[in-house]
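The sequence and the structure come first.

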Amino acid sequence: MTLAARALAQLAAWPDLSEAEPSCGVGRALRAADGEIVHFHSDDHVDLYLTARAIKRFEEHLTATTAVQLVPGSQWATLRIDVTADIHLLMTLVSLALQAHQAWPVPDDVPRAQCNDHLSSARPRENLGGG
(Lines give C-alpha, C1' and ligand atoms only; values in the text may rest on other atoms or scores of the structure.)
Protein backbone atom coordinates (compact mmCIF):
# COMPACT_ATOMS: atom_id res chain seq x y z
CA MET A 1 0.00 0.00 0.00
CA THR A 2 1.41 3.40 -0.98
CA LEU A 3 1.65 6.26 1.48
CA ALA A 4 -1.10 8.15 -0.36
CA ALA A 5 -3.39 5.11 -0.31
CA ARG A 6 -2.72 4.72 3.41
CA ALA A 7 -3.55 8.41 3.97
CA LEU A 8 -6.74 8.07 1.92
CA ALA A 9 -7.85 5.08 4.00
CA GLN A 10 -7.15 6.93 7.26
CA LEU A 11 -8.97 10.08 6.16
CA ALA A 12 -11.93 8.14 4.73
CA ALA A 13 -12.53 6.85 8.27
CA TRP A 14 -12.99 10.39 9.61
CA PRO A 15 -16.67 11.05 10.41
CA ASP A 16 -16.73 14.41 8.59
CA LEU A 17 -15.35 12.99 5.32
CA SER A 18 -16.70 10.64 2.69
CA GLU A 19 -15.31 9.33 -0.58
CA ALA A 20 -16.52 11.02 -3.75
CA GLU A 21 -15.75 11.34 -7.42
CA PRO A 22 -13.34 14.29 -7.84
CA SER A 23 -14.78 17.19 -9.84
CA CYS A 24 -11.60 17.26 -11.93
CA GLY A 25 -12.19 13.64 -12.93
CA VAL A 26 -8.73 12.40 -11.90
CA GLY A 27 -8.04 10.01 -9.01
CA ARG A 28 -10.14 9.85 -5.86
CA ALA A 29 -11.58 12.50 -3.57
CA LEU A 30 -12.87 13.07 -0.08
CA ARG A 31 -15.57 15.57 0.65
CA ALA A 32 -17.16 17.19 3.66
CA ALA A 33 -20.81 18.23 3.87
CA ASP A 34 -20.11 21.51 2.08
CA GLY A 35 -17.80 20.30 -0.68
CA GLU A 36 -14.65 18.56 -1.79
CA ILE A 37 -11.66 18.81 0.52
CA VAL A 38 -8.99 16.46 -0.84
CA HIS A 39 -8.11 15.06 -4.27
CA PHE A 40 -5.71 12.12 -4.42
CA HIS A 41 -4.38 12.40 -7.98
CA SER A 42 -1.50 9.93 -7.89
CA ASP A 43 0.50 7.80 -5.50
CA ASP A 44 2.48 10.83 -4.41
CA HIS A 45 0.46 14.02 -5.04
CA VAL A 46 -2.60 15.29 -3.21
CA ASP A 47 -4.51 18.54 -3.73
CA LEU A 48 -6.15 20.03 -0.65
CA TYR A 49 -8.85 22.73 -0.75
CA LEU A 50 -7.75 25.00 2.07
CA THR A 51 -9.62 28.20 1.05
CA ALA A 52 -7.92 31.48 0.15
CA ARG A 53 -8.24 32.80 3.72
CA ALA A 54 -6.54 29.77 5.26
CA ILE A 55 -3.73 29.85 2.70
CA LYS A 56 -3.16 33.55 3.34
CA ARG A 57 -3.24 33.06 7.11
CA PHE A 58 -0.81 30.11 7.12
CA GLU A 59 1.22 30.89 3.98
CA GLU A 60 4.49 31.34 5.86
CA HIS A 61 4.14 27.91 7.46
CA LEU A 62 2.95 26.24 4.25
CA THR A 63 5.89 27.57 2.24
CA ALA A 64 8.37 26.57 4.94
CA THR A 65 8.11 22.91 3.91
CA THR A 66 9.21 21.54 0.57
CA ALA A 67 6.33 19.04 0.63
CA VAL A 68 3.76 21.81 0.01
CA GLN A 69 3.38 23.69 -3.25
CA LEU A 70 1.16 26.76 -3.44
CA VAL A 71 -0.10 28.03 -6.77
CA PRO A 72 -0.69 31.80 -6.91
CA GLY A 73 -4.40 32.54 -6.97
CA SER A 74 -5.44 28.97 -6.14
CA GLN A 75 -7.42 28.00 -3.06
CA TRP A 76 -5.83 24.55 -3.25
CA ALA A 77 -2.43 23.47 -1.92
CA THR A 78 -0.57 20.54 -3.43
CA LEU A 79 1.16 18.15 -1.07
CA ARG A 80 3.82 15.68 -2.17
CA ILE A 81 3.68 12.49 -0.10
CA ASP A 82 7.14 10.93 0.01
CA VAL A 83 7.58 9.93 3.67
CA THR A 84 5.38 9.06 6.65
CA ALA A 85 5.82 12.57 8.06
CA ASP A 86 4.00 13.88 4.97
CA ILE A 87 0.94 11.84 5.99
CA HIS A 88 1.00 13.53 9.39
CA LEU A 89 1.26 16.91 7.67
CA LEU A 90 -1.67 15.99 5.42
CA MET A 91 -3.80 15.01 8.44
CA THR A 92 -3.04 18.36 10.05
CA LEU A 93 -3.85 20.26 6.86
CA VAL A 94 -7.11 18.35 6.31
CA SER A 95 -8.13 19.27 9.84
CA LEU A 96 -7.25 22.90 9.06
CA ALA A 97 -9.24 22.70 5.81
CA LEU A 98 -12.31 21.34 7.61
CA GLN A 99 -12.10 24.14 10.16
CA ALA A 100 -11.61 26.74 7.42
CA HIS A 101 -14.66 25.53 5.52
CA GLN A 102 -16.78 25.59 8.68
CA ALA A 103 -15.55 29.02 9.80
CA TRP A 104 -15.57 30.68 6.36
CA PRO A 105 -17.96 28.75 4.11
CA VAL A 106 -17.95 29.53 0.42
CA PRO A 107 -21.39 30.83 -0.62
CA ASP A 108 -23.37 28.37 -2.75
CA ASP A 109 -23.52 30.76 -5.68
CA VAL A 110 -19.72 31.03 -5.98
CA PRO A 111 -18.19 28.29 -8.15
CA ARG A 112 -15.59 26.12 -6.46
CA ALA A 113 -12.04 26.78 -7.54
CA GLN A 114 -10.46 24.16 -9.78
CA CYS A 115 -7.85 21.98 -8.08
CA ASN A 116 -4.17 22.28 -9.00
CA ASP A 117 -3.95 18.98 -10.91
CA HIS A 118 -4.63 20.66 -14.25
CA LEU A 119 -1.54 22.83 -13.72
CA SER A 120 0.99 20.00 -13.77
CA SER A 121 0.73 17.68 -16.74
CA ALA A 122 4.20 16.38 -15.86
CA ARG A 123 2.89 14.68 -12.70
CA PRO A 124 2.67 10.92 -12.97
CA ARG A 125 -0.89 9.61 -12.70
CA GLU A 126 -0.69 6.29 -10.94
CA ASN A 127 -3.68 4.26 -9.89
CA LEU A 128 -4.54 4.50 -6.21
CA GLY A 129 -6.19 1.10 -6.25
CA GLY A 130 -9.68 1.80 -7.45
CA GLY A 131 -9.94 5.00 -9.40
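Predicted model: local features only at pLDDT ≥ 70, side-chain atom pairs only at ≥ 80, totals over all residues.

The 6 strands are arranged as an open sheet in the order E1-E2-E3-E4-E6-E5, with antiparallel pairing. Its edges are formed by strand E1 (18-20) and by E5, each of which pairs on one side only. Taken on average and with direction ignored, neighbouring strands of this sheet are turned by 30° against each other.

| Strand pair | Sense | Bridges | A residue pair |
|---|---|---|---|
| E3 and E4 | antiparallel | 3 bridges | Val38 with Leu48 in E4 |
| E4 and E6 | antiparallel | 5 bridges | Tyr49 with Trp76 in E6 |

Strand E3 takes part in two hairpins: one joins E2 to E3 through 2 residues, and in the other E3 and E4 have 4 residues between them. E3 is also mostly covered, since 6 of its 6 residues are buried.

**The nonpolar core**

The largest nonpolar core has 30 residues, and those with the most contacts inside it are Ile37, Phe40, Leu50, Leu90 and Val94. At least two residues of this core come from each of helix H1 (3-12), strand E2 (28-32), strand E3 (35-40), E4, H2, E6 and H3. The greatest contribution is that of H3, which gives 9 residues.

What surrounds Ile37, one of the residues with the most contacts inside the core? When neighbours within four places in sequence are left aside, Ile37 is in contact with Leu17, Leu30, Arg31, Ala32, Asp47, Leu48, Tyr49, Trp76, Val94, Ala97, Leu98 and His101. Val94, which is in contact with Ile37, is itself listed among the residues with the most contacts inside the core. Two further contacts of Ile37, Tyr49 and Trp76, are bridge partners of each other, Trp76 lying in E6.

**The two faces of helix H2**

Helix H2 spans residues 52-62, and its buried residues are Ala54, Ile55 and Leu62. Seen down the axis of H2, these buried residues fall within an arc of 85°, so they line one face of the helix. The cover over them includes strand E5 (68-70), strand E6 (76-80) and helix H3 (84-103). On the face of H2 turned away from the buried side are the exposed residues Arg53, Lys56, Arg57 and Glu60.

**The cysteines**

How many disulfides does a search of the whole structure find? The search finds 0 disulfides, and Cys24 accordingly is in none, the nearest cysteine sulfur being that of Cys115 at 3.7 Å.

Terms used
Residues numbered from 1 in each chain as written. Heavy atoms only, no water. Buried < 20%, exposed > 50% of the residue type's maximum accessible area, 1.4 Å probe, protein only. Arc of directions from axis to C-beta. Contact = heavy atoms within 4.5 Å. Disulfide = S-S within 2.5 Å. Pairing = 2+ DSSP bridges. Axes fitted to C-alpha atoms, helices over the stretch in contact; angles between N-to-C directions. Core = buried A, V, L, I, M, F, W, Y, C linked by side-chain atoms within 4.5 Å.
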